[in-house]
Structures are given as C-alpha cells and as structure tokens.
Amino acid sequence: MPLTVLPDTEVRSLLFSLTHEDVTDLQENLSEALHQYSTGTQETTGCCSTNQPQRIAIPADNSLTTLFMPASTSTSRGIKIATLATAPELNRQDSLQSLDSTYSTASTSNSQSTSSSLSPGTSTPPATPASQMSNLSIGHSTSTAASLQSTSPVGSLTLLTSAGAPYAFLAASELTAFRTALAATILFRRRTLVHTIVVFGAGQQALWHIRLALLLRGADIHHIHIVNRSFERARQLMTEIYTNDAWAHLRKANDKLDFSIIGAGYGEYNRILKERVRKADVIFCCTPSTTPLFPAEHLTSTEGRKKGRYLSAVGSYRHQMIELHPDILKQAVAPEHKHHHHKHAQKGGVVVVDSLSSCMKEAGEVKQAGLTPEQLVEIGELVMVKKASQMEMAAGGEGEIGLKKWLMGGNVVYKSVGLGLMDICVGEDVVTLARERGYGKTVEGF
C-alpha cells in the first residue's frame, strides 16, 4: 500500500489553498464525526466515544508536555504525538495576571494611539515608531526570545486503515491548529452577528481562527481585534496577513473590514480591553494561559450581559490552565430568572464542550468553575439541530425555536481541550485532498 508523507510545509500549502466550499465540506465531515462520537455506539460507528481512548500526557523538561492521542473513525485508526509548551513564566509586567491592577497612564498621556490599525487598502502594516514601542509592547522596547517563543505543537499524525496498514504520515503542527479552529467555527457559522471579533493570541491557532472566520463569514465581518501579551508577535501575524498573497482575497472580503492589535503593556490596556470585549460579537481565546485573559465582570455585569456573544476557549488544555474566568462559565449555566429588571442576552444553561469526559478531567475553566456533567453539552449533540432540539424540549424548553435562538444570538460558551478523533477525521480528508491535488510525497509498497 502506498504511504503518503506530508511535511508541515506541504500541509500548510494545502490548507492555505482551501476554498470556502472546501472548508465547508471538511467542517461538515468533522461535525458528523463529532455527532457520531456523542451519540453513536460500537455497533453503529467507529467514531463513538468508546473507541476513543483517553490521551496520555508525559511531562518533559523546559515546561514541555508530550501528548499521545490514539483515536479511530469508521475507516481509519491513528495516533497523534505532539509536544507542546505550557504558558511561559512571566513577570508581573508581562503577565495578564495584572488585569485587575491599574496600569499607570502617566507615561502615555501624550500617546498617539491605543493600537495599530490597518484598513483593507493597506498593503503593509505601518511601522511603529521606536518611541511608541515601550507603550505598545509588553514591558520591553523590542521583542525578546521569550515573548516570541512559539507555543505551537510539534509532532506527527500516523494514519492506518481499519485493517492496520499505515497509509499516511503527517506533520502535526499546522494540522492541529487548523482542526481546532475548524471545530471552533462550527457554531460560529450559525451566529447572526459576527461583525466584531476579538482574538486573544497571535500564534498558529489565532491565525487559523482568523482565516477560517474570514473564509466562512468574511462578508459579514467588520472588525478583527488581536490582543496579545507581545505586541511584536501580534505585529508579525498582521504582517503575515497583509503581505502574504494567500490572504489577498480575504483582506478584501468587504470594504468595512479592518484589523487592530494591542499589547498588554500599553498604558491604557485595561480600558481598551474592556471596550473590545464589551463590543465583541465573537471572542476566540487561543492562548496556553494559566490565568484569565480578562476580568469576568466585563461580561457578567449588567452592562456586559446585554449583548449575546460566542466565546470559544481552545488554548488551555490542562487542569491548571485557564483562559476564561470561572465566573463566566458559572453565569452561563446559572438558572434563568423569570423576573428581572434588566435586559440581557439569552443563555443556554450549559457550556458546550468537545468532549464531556475530557473537559471534566482536563479543562481548567470547567474544573475551577465547579461545573457538573449535567451543565455541559457536547458539540456533537448540538450540530444536528433537529436531534438536539428534542433534548431541549425534554428539559422544558422551546425546542428547535429556542435552541436556534440561543445558538444564533444568545451567549454561547464553547470549551475544547482537543480530541484525537478531530485529528483522524480531518487528517483523512487532508490526505485525500493531497493525493487529488498533488501535495506531499508517496512511498510505494510501504
């Protein structure tokens, strides 16, 4: 049997060539696999949860963790092995732990701007004067190796037929970021309003969340705000978006689209962060953070609750890691009061997760919020609205109407720690496309 080998550069080239239709097809296949994971049995599908062993995490030196993630679908078996860096240790000035502290604005009272903004007509990002860098970057006037350290996974995905014959070997870095964003944008596609998006992080995860958001809903997006502890790292991502020809059609998705970036060391960071979060229709959290990325009150206060948002947290994958404050999850599952004096967006009463068992064991937000399994629902149970509405009606809700209203315009929180099934499912499709379109190398008679 021939073995297809795809290094990271080939995986990236293939994924960057995907059209809206390609991404939609891959997302539908992933949705079906997740639905089978949540609802199937060993007698009906190879994707069922029983066939997905818990991953194994082995700590390594230098704050690294190696994950072994075996999984299966109805047609393939496989394992992803990935080594990831946990969030680097930061000093108080660099850390987002200081969100609740008040940054001094004395040194920035005459600052020219709060962020670097770009319009679609700009071919390259404007240079930031050295005099402003101390205000915009995180505690340093220039980037450091620590601030630019990649937290992207390094590893591989091996795919085998159901009979055990290996047929593909792929680099895992780009694929992992892509499949995570592909899952996170399943519910994003259903949202009525996606005008303003806030992205925490500036690595591969952030890149793919931005790219897929534009591929899927580009005509409806007006503002993308990138928030990152390192302004320089965020500017590198912006440079990629504005100088790489592969982004050209996405930069011009509509004439209202603009981007902005802000680093956590900016003097008015807290004020700008609150403004960005409050105005957001969508918030993508893509960092391996060990502390909340913003104060809970930005969303849990009376003012913060007026607007419905889609919040996706995919960057933290261990119980000691956290991106969203536990109070945000607690409010999402709190019973709805029938008599209240303030208008606020609809809640679903649950937090959406990729895997109930994995998130109960590994998701820092879920554990620190003290959520129970009854307060979580797997995305695989929601992607098929007709079937999910039956569950909602059984719980005394409005059924399909109420479910759609919540998913499209209410406050929806999605938490993911990652599933090996995602890698196998998306990996299968990537290999099929690679063979059809001439990517990678083939080893005959392996």
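Predicted model: local features only at pLDDT ≥ 70, side-chain atom pairs only at ≥ 80, totals over all residues.
Local features need pLDDT of at least 70, side-chain atom pairs count only at pLDDT 80 or more, and totals for chains, interfaces and linings use all residues. Residues are numbered from 1 along each chain as its sequence is written, and side-chain values use heavy atoms, without hydrogens and water.

Serine 76 is found in strand E4, residues 76–85 (strands are DSSP runs of at least two residues, helices H or I runs of at least four, numbered from the N terminus). Serine 76 is buried, at a relative accessible area of 2% (buried means under 20%, with a 1.4 Å probe and protein chains only). Its side chain makes a polar contact with the side chain of tyrosine 167, at 2.6 Å. Another joins the side chains of serine 76 and glutamate 428, at 2.5 Å (a polar contact is a pair of N or O atoms within 3.5 Å, one able to donate a hydrogen and the other to accept it; residues adjacent in sequence count only if both atoms are side-chain atoms).

The largest nonpolar core has 82 residues (such a core is a set of buried Ala, Val, Leu, Ile, Met, Phe, Trp, Tyr and Cys residues joined through side-chain atoms within 4.5 Å). Helix H4, residues 173–188, gives the most to this core, with 10 residues. Apart from it lies another core of 34 residues, including Ile262 and Val366.

H4 packs against helix H16, residues 420–437, at about 105°, with axes 10 Å apart (axes are lines fitted to C-alpha atoms over the stretch in contact; angles run from 0 to 180 degrees between N-to-C directions). H4 and H16 are therefore roughly perpendicular (65 to 115 degrees).

Key:
Buried < 20%, exposed > 50% of the residue type's maximum accessible area, 1.4 Å probe, protein only. Parallel < 35°, antiparallel > 145°, perpendicular 65-115°, else oblique.
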